[in-house]
Every structure is written in C-alpha cells, then in structure tokens.
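Trainee: I have a model open and want to learn how to read it. Where do we start?

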Amino acid sequence: MGCLQPLRIAERSPDQPQISHYWREGYAVFPGFFSAREIAEIAAATDEVHAEAAAHGRSFRHGNLFYNVAVSSDGKPLVRMAQWPSYHQPALNAVRLDTRIARLLGPLIGPDLKQIINQIHWKVPGSLGDFAWHQDSRSRRPSSAYRNLATSYVQTGVAIDAHTPDSGCMRFIAGSHLRGDLGMDCSRKALGTAMSDPALATIGLSAERAVDLLLEPGDLAIWSPYLVHGSGTNSSDHRRRFYINGYVRAQDCDRGEWAFRDGLPVPFGPEPALVHYEELRERPGPHYV
C-alpha cells in the first residue's frame with residue numbers, strides 16, 4: 001500500500017528478465033529509454049498541442065484527433081487529454097514509430113503492430129485529473145474487433161515529467177491482469193473520478209497490493225490491458241505530462257493505424273483508419289463536442 005518501487009532494468013537479476021516481470025506482474029519500467037534531449041523535444045511538442053486545445057476553449061474533434069477540454073474552477077479551459085496528435089505533430093509521430101519500441105515489443109507481441117492509443121495526458125494540480133480504478137480492456141470496443149487481448153496488446157507510456165505520489169502518479173494492482181476481465185463498473189467515466197478502495201473490494205482486490213509507478217523524465221512504462229490501475233490527485237505545483245501509445249498484434253485486431261510491419265515503421269495512409277471514433281466516415285470534419 002506504500003510507495004513500492006517497480007522493478008527496474010538496472011535492478012533485475014539474470015533469472016528474472018524484464019519480460020518475465022511483465023507477464024507476472026502486468027507491468028515493467030525501462031528507465032532512461034529516451035534521452036534528455038529527446039524528452040525536451042517531446043515536451044515542446046506536447047506544449048504546442050496543449051496550446052491548440054486551450055485555444056478551442058472546449059472539447060473539439062477533427063476525425064480521430066480529439067481534445068478533451070474541461071473548465072477549471074476559475075472558468076478557464078482545462079486541457080486534460082489529446083488523442084491522435086501525431087497526425088500533425090512530427091515529433092510525436094516519430095516517438096510512436098521509434099524502432100526501439102518495436103524491438104522492445106517484439107518479444108511480447110511480435111513485429112507486425114497496429115496502434116489503438118496515441119494520446120497525451122496532462123494532470124494539473126487538483127482533482128479533475130484523477131483516474132478511477134479501471135482496466136484499459138474496457139475501452140477496447142467493440143470486443144469483436146480485438147482477439148487474444150491479454151497476449152496481443154501492450155500499453156506504453158513515456159514520462160515527460162517526474163511521476164511521483166505528489167504529482168498523481170499511476171498506481172497498479174500488481175498481478176491483477178492474471179484474472180482477465182473483471183467486469184468493473186463502467187457507469188462513470190474513469191477520467192475525473194477518484195480511486196475508491198470499495199471499488200476494488202467489489203472485485204476481490206485490495207489497495208494493499210497497489211504499486212506507485214515512479215518515473216523520471218525519459219522512463220518508459222509498459223502495462224497489460226487487464227492490469228487494474230488508476231491515478232490520484234496532483235498535489236504538486238506543476239502539471240504532470242504523460243505520452244501514451246498502445247500497440248496490438250496486427251492479426252488480432254481489426255482496427256487501428258499501422259505502426260510497424262516486420263519491425264519497420266509504417267507511415268500514416270492517405271486517410272485516417274477507424275480506431276475509436278465510430279462516426280469517422282460519417283462526420284470526419286472539425287466540430288465541437
């Protein structure tokens with residue numbers, strides 16, 4: 001229940017490789033995956049996206065590109081998330097197609113990968129950035145489009161700022177992925193809802209197994225779509241940025257943008273692929289949500 005440090009590569013023993021840790025605990029951390037220079041470029045790109053979203057003043061969609069904008073207590077726009085900024089941000093697009101990620105994921109899900117998640121999260125001080133306990137699997141809809149989810153999908157996240165309990169770091173219930181889909185309550189959106197210990201108790205889990213995902217800028221975390229996780233309030237004096245990319249074995253998914261074929265990057269096609277936005281073909285133009 002305390003601030004447990006995830007197993008990091010430098011601390012692993014020869015008989016406990018990082019991949020084994022991922023399968024056993026549902027997550028792994030790769031420190032210093034991106035250099036300080038690379039993180040500075042990523043941070044600058046995310047700041048540009050943030051400014052674009054704030055300029056709209058409210059939630060906005062253009063095809064798969066989506067800005068989630070709430071209203072802060074002072075009435076100003078509060079940018080919480082952006083989906084698929086890589087369509088127009090070269091620096092962010094380069095990250096999602098980085099061959100180092102392909103090499104990392106190859107032993108887990110293979111060399112031919114599509115991408116379902118491409119998003120930035122900003123957690124500003126205050127509770128509007130909380131994430132309730134949830135499994136990412138609940139967002140893989142329709143379920144018929146995803147096969148063998150436990151062994152075909154990996155979520156990745158790049159820390160742009162330090163992730164600590166004070167800044168509202170993610171919390172994992174280690175090993176919970178081994179139980180598959182737990183049918184967690186989806187009646188409320190996870191974003192903007194606080195973590196609740198009773199919510200864990202209803203599915204037979206306890207916060208005593210919670211691990212704080214402590215990250216430094218440039219660290220890369222990976223986790224299973226069935227791993228129960230959430231994140232708390234940012235009580236620091238700065239916003240916490242996180243760049244998330246989710247990959248799936250191509251043969252096991254009917255949706256998503258291609259990312260790698262045989263481990264090599266695949267550029268975007270002439271038109272966006274169907275990912276989450278069901279009305280992509282019927283309403284592809286820009287509009288406020």
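Trainee: In which sense do strand 6 and strand 11 pair, and over how many bridges?

Mentor: Keep in mind that this is a predicted model. Strand 6 and strand 11, residues 229-231, pair in the antiparallel sense. Two bridges join them.

Trainee: Which residue of strand 11 stands opposite Phe 131?

Mentor: Ser 231 stands opposite Phe 131.

Trainee: What sheet do these strands belong to, and in what order do its strands run?

Mentor: Four strands make an open sheet, ordered 6-11-8-9, with antiparallel pairing. Strand 6 (131-134) and strand 9 (210-212) are at the edges. Each has a single partner strand, so one side of each lacks a neighbour in the sheet. From one strand to the next, the twist averages 20°.

Trainee: Now the empty space. How is it found?

Mentor: A probe the size of a water molecule is rolled over the atoms, and this shows where empty space is left. In this structure, the largest pocket has a volume of about 1,100 Å³.

Trainee: Which residues lie nearest the centre of the largest pocket?

Mentor: Met 81, Gln 83, Gln 119, Phe 131 and Ser 139. The whole lining has 35 residues. Strand 6 and strand 11 are among the elements that give two or more residues to it. Strand 5 (113-123) gives the most, with five residues.

Trainee: How does that lining divide by class?

Mentor: Twelve residues are nonpolar, twelve polar and eleven charged.

Trainee: What is the volume of the second largest pocket?

Mentor: About 270 Å³. Its lining has 17 residues, and Ala 132 and Trp 133 are among those nearest the centre. Eight of the lining residues are nonpolar, five polar and four charged.

Trainee: How many cavities of 30 Å³ or more does a search find?

Mentor: One, in a search of the whole structure. The largest cavity holds about 40 Å³ of space. Its lining includes Arg 61, Gln 83, Trp 84 and His 276. Gln 83 also lies among the residues nearest the centre of the largest pocket.

Definitions and conventions: Residues are numbered from 1 along each chain as its sequence is written. This is a predicted model: local features need pLDDT of at least 70, side-chain atom pairs count only at pLDDT 80 or more; totals for chains, interfaces and linings use all residues. Side-chain values use heavy atoms; hydrogens and water are left out. On a 1 Å grid over the protein atoms alone, a cavity is a set of points where a 1.4 Å probe fits but cannot get out, and a pocket is an open set with protein on both sides within 12 Å along at least five of seven lines; lining residues have an atom within 4 Å of a point. Grid points are joined across faces, edges and corners, and a volume is the space filled by probe spheres set on the points. Two strands pair if DSSP finds at least two bridges between them. Axes are lines fitted to C-alpha atoms, for helices over the stretch in contact, and angles run from 0 to 180 degrees between N-to-C directions. Ala, Val, Leu, Ile, Met, Phe, Trp, Tyr, Cys and Pro count as nonpolar, Asp, Glu, Lys and Arg as charged, and the others, Gly among them, as polar.
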